[in-house]
Structures are given as C-alpha cells and as structure tokens.
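Student: Could you take me through the place where the ligand sits, slowly and in one go? I'd like to know what surrounds it.

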Amino acid sequence: MNDYRNERESMVKNQIKARGIKDKRVLQAMKSVPRHLFLPAEARKYAYGDSPIRIGSGQTISQPYIVALMTELLEVHDDHRVLDVGTGSGYQAAILAELAAEVHSIERHTALAERAEETLKNLGYDQVHVHIGDGTKGYPSASPYDRIIVAASAPKVPGPLLNQLADGGRLVLPVGSRFSQHLEIWDREGEDFRKSSSIPVVFVPLIGDQGWEE
Ligand code: SAM
C-alpha cells in the first residue's frame, strides 16, 4: 500500500521549508504524520497538495503550509498541554501530539469529532483527547493550557480562551471578518496579554457563543 512517504517529503521541502518554516521539530512532525489517513478514502490522493481539502460537514483540513506556520508560531515544548479548537479531521491534533505532552481537541460537529477520534486512536495518539462542544468557550475542565490553537476564524479573540491560558502561555488564532482574517498571537504574562499579528489568511468561521452566529 502507498504510504505517501515521497509525497510527504516533497510537501515539506517545496511547500513548507521553501516558504520559510525553519523549526526542526515542526518539519519533522509534518514529515511523520500520515496526512492522507485523516481524509476520506476518495480524497487521499490530494492529501499532499498545496491547498485545503473538504472533509465533510462543510469543513476543510487546512493547507499544509498554514498548519506548519501556525504550529511554528505556537512554539510548542515537549512538556506542554495544548488545546486545539476545531478538531476537523484530527490532523492538526496529531501534529501537536508529536510535539507536546497532552492535547485536548474540541469540535462542534459530532460526526467529524468521532471520525477524528477513531483516526487518532488507530494511529496510537493516546495523548490526544477529543471533545464535542463549543470551543469558543474553551474546555475549562482540563485548563489551564500552555498553548491554544484555533483553526477557525473569530470576529474577536474569545475571552474564555485567554482566561484558560496558563501564565507564560500563548494562543494563535485567525481574527477578522467572515471572509478575510489575520493570524493573531496572544501571549499571557500574569494578568497582562500582549498581541502581535502575522500573515493574512482565510479560514472557515468559528461558530458559537464567543464566535460567529451559525
Ligand atoms: N484542525 C483541523 C484539521 O486539522 O483538520 C481543521 C479545522 S477546520 C479548518 C475548522 C474546524 O473548526 C471545523 O471542523 C469546524 O467544524 C470547527 N469549528 C467551528 N466552530 C467551532 C466551535 N465553536 N467549536 C469547535 N469547533 C468549531
């Protein structure tokens, strides 16, 4: 069976390294995780292309470069506990699991969450815990988190996510209008929060109490 190893190597070289991602742990994680197994069978041959791909329920798995960029911006250490909002296929959660001690991933669509959980379990990612619910409220019972990543766009940074960041923690998320956003990076020092901005992006909307209306 094709394990897509060559496609993965070339994705990392041509789409990710070539655009300036340097973090060796991130590059290694992107080389290791079998992205095609997070996609429905008929979409697997497109898994290593330079674009987002439909995964059902009107949602997408993000473009490989965007996954790599957000993960590099997150600066994950191996003792970190991470919250991943918008599980989708579970691919980003697997990348985080390669880098962190524990990952909590939350998804509002039950069908996606269940499929992602099964994929992650089959691949042995026992340190990932998938939850169903509104991730704009975070996942308080396992907080605080050293890192939080959001893979859907918010009109503004959700307060509960800032509250659930540990001291010294970092949150990366797309913020803007429904159709165009910038990646924002929020760092917590005690009760102070510092914001910086990265590149323009386009994400599906974050729908929920602290996000967009359905
Ligand atoms: N990280 C995913 C992956 O690796 O496949 C891709 C995420 S996709 C771009 C965005 C996901 O966010 C969708 O699956 C969508 O259902 C989910 N989402 C949107 N609003 C949400 C919310 N309030 N709570 C949890 N998930 C949400």
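Tutor: Let's start with a term: helices (H or I, at least four residues) and strands (E, at least two) are DSSP runs, numbered from the N terminus. The model is predicted, so to speak of local features pLDDT must be at least 70 and side-chain atom pairs count only at pLDDT 80 or more, while totals for chains, interfaces and linings use all residues. Residues are numbered from 1 along each chain as its sequence is written, and side-chain values use heavy atoms, with hydrogens and water left out.

Now the ligand. Its shell holds 26 residues, and S89, E107, D134, G135 and I207 are the closest; a residue counts as near if one of its heavy atoms lies within 4 Å. Strand 2 (59-61), helix 4 (91-99) and strand 4 (102-107) each put at least two residues into that shell, and strand 2 gives the most, with 3 residues. By type, the shell has 10 nonpolar, 13 polar and 3 charged residues. Here Ala, Val, Leu, Ile, Met, Phe, Trp, Tyr, Cys and Pro are nonpolar, Asp, Glu, Lys and Arg are charged, and the others, Gly among them, are polar.

Next, the polar contacts, meaning pairs of N or O atoms within 3.5 Å. E107 brings a polar side-chain atom to 2.6 Å from a ligand oxygen. On its own the ligand has 600 Å² of accessible area, and the protein covers 99% of that (Shrake-Rupley method, 1.4 Å probe).

The space taken by the ligand is also the largest pocket. A pocket is an open set of points on a 1 Å grid over the protein atoms alone, where a 1.4 Å probe fits, with protein on both sides within 12 Å along at least five of seven lines; lining residues have an atom within 4 Å of a point. This one has a volume of about 600 Å³, the space filled by probe spheres set on the points. Its lining has 36 residues, with T60, A151, A152, F203 and V204 nearest the centre. They divide into 19 nonpolar, 14 polar and 3 charged.

Conventions: A polar contact is a pair of N or O atoms within 3.5 Å; within protein, one must be able to donate a hydrogen and the other to accept it, and residues adjacent in sequence count only if both atoms are side-chain atoms. A molecule sits in a cavity or pocket if more than half of its atoms lie within 2 Å of its grid points.
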